[in-house]
Amino acid sequence: MRINLLLLCALVCLATANAQTGKVFDALSMKSEILKSERKFAVYLPPDYETSNRSYPVLYLLHGAGDDQTGWVQFGEVLRITDNAIKEGKATPMIIVMPDANTGTRGYFNSVKGDWRYEDFFFQELMPYVEKKYRIKGEKRYRAIAGLSMGGGGTFMYALRHPELFSSACPLSAYIGALSLDDFKQRLKGNNESYEDSLVSAYYEKHNALSLIQASSLEDMKSVRWFIDCGDDDFLYEGNSLVHIAMKKKEVPHEYRVREGRHSWTYWRESLPVVLEFVSDAFHQY
């Protein structure tokens with residue numbers, strides 16, 4: 001009788017532990033007509049997803065160059081960190097979508113000549129697909145975006161160009177785009193790409209955070225809560241500092257953090273709990 005009771009207690013404890021754990025699926029895919037290929041993505045589902053009928057806010061979490069949709073899962077430890085943040089009451093249960101921007105052509109944007117349209121895929125296919133497939137609250141106030149390095153750049157551009165879609169944006173160690181038009185032209189030259197000057201200039205203006213800050217209305221920028229984080233030894237410190245200064249001059253409210261650290265997963269794993277808490281504040285409407 002005593003053994004049975006102990007076994008029952010152990011089973012109850014195991015069931016309780018499992019009930020407090022979210023789930024990650026990192027090899028999901030969907031068909032993209034725009035990119036003419038199967039596109040992979042990963043999803044984090046909160047601990048109570050399978051036992052509730054409620055809908056959840058969503059965070060789109062973008063990886064950096066060289067990684068894919070598994071980056072935040074494997075190296076960012078998104079499952080452990082998000083579970084802990086929810087358990088500790090610092091983050092609200094949410095769905096996290098992590099797309100692959102490494103297959104085919106690397107990056108989160110359409111190409112200069114428009115023959116690769118990743119950004120169109122993201123907004124026209126990926127977002128509608130996942131927000132229909134999962135119980136996601138498809139409203140601006142329940143939608144956030146964050147990312148590191150290349151994904152930080154994607155976060156800046158997506159939120160600056162689509163402020164009506166995101167309540168919060170959290171670029172981490174972001175590549176904000178080439179710091180000048182000449183730098184951008186040199187990058188294209190290094191990739192053996194040649195285009196008309198007018199096309200290059202127009203593309204640069206739309207893919208540089210500093211240019212977009214100048215061009216965006218103050219009302220639009222203030223409708224997004226901004227959290228910018230970059231290490232003091234990060235090689236991308238200059239661009240992030242310039243964005244902070246540009247936002248200060250334009251009087252755009254934002255959180256700007258410089259911590260000890262470099263361009264590394266050690267830094268970003270420490271950033272993620274803060275990001276989860278920051279976006280949760282917006283989901284909860286403060």
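Helix 5 (150–161), helix 6 (181–190) and helix 7 (197–206) each give at least two residues to the lining of the largest pocket. Helices here are DSSP runs of H or I with at least four residues, strands are runs of E with at least two, and both are numbered from the N terminus. This is a predicted model, where local features need pLDDT of at least 70 and side-chain atom pairs count only at pLDDT 80 or more, while totals for chains, interfaces and linings use all residues. Residues are numbered from 1 along each chain as its sequence is written, and side-chain values use heavy atoms, with hydrogens and water left out.

Back to that pocket. Its volume is about 680 Å³, and 31 residues line it, with R106, G107, F109, R187 and Y203 nearest its centre. A pocket is an open set of points on a 1 Å grid over the protein atoms alone, where a 1.4 Å probe fits, with protein on both sides within 12 Å along at least five of seven lines; lining residues have an atom within 4 Å of a point. The volume is the space filled by probe spheres set on the points, which are joined across faces, edges and corners. By class, the lining has 17 nonpolar, 10 polar and four charged residues. Ala, Val, Leu, Ile, Met, Phe, Trp, Tyr, Cys and Pro count as nonpolar, Asp, Glu, Lys and Arg as charged, and the others, Gly among them, as polar.

Helix 6 and helix 7 also pack on each other, at an angle of about 115° and with axes 10 Å apart. (Axes are lines fitted to C-alpha atoms, for helices over the stretch in contact, and angles run from 0 to 180 degrees between N-to-C directions.) L181, F184, K185 and L188 of helix 6 meet D197, V200, S201, Y203 and Y204 of helix 7, contact meaning heavy atoms within 4.5 Å. That contact has six nonpolar, one polar and two charged residues.

Eight strands make an open sheet in the order 1-2-4-3-5-6-7-8, with mixed pairing; two strands pair if DSSP finds at least two bridges between them. Strand 1 and strand 8 (255–259) sit at the edges with a single partner strand each, so one side of each has no neighbour in the sheet. Here are two of the pairings:

| Strands | Direction | Bridges | Facing residues |
|---|---|---|---|
| Strand 1 (residues 23–32) and strand 2 (residues 37–45) | antiparallel | eight | F25 and V43 |
| Strand 2 and strand 4 (residues 95–99) | antiparallel | four | F41 and P99 |

Strand 1 and strand 2 form a hairpin with four residues between them, and K36 in the turn has a positive phi of about 55°.

Helix 4 (residues 118–133) lies across strands including strand 1, running at about 120° to strand 1.

Finally, H263 is in the loop between strand 8 and helix 11 (265–283). Leaving aside residues up to four places away in sequence, H263 touches S149, S173, D234, F235, L236 and W268.
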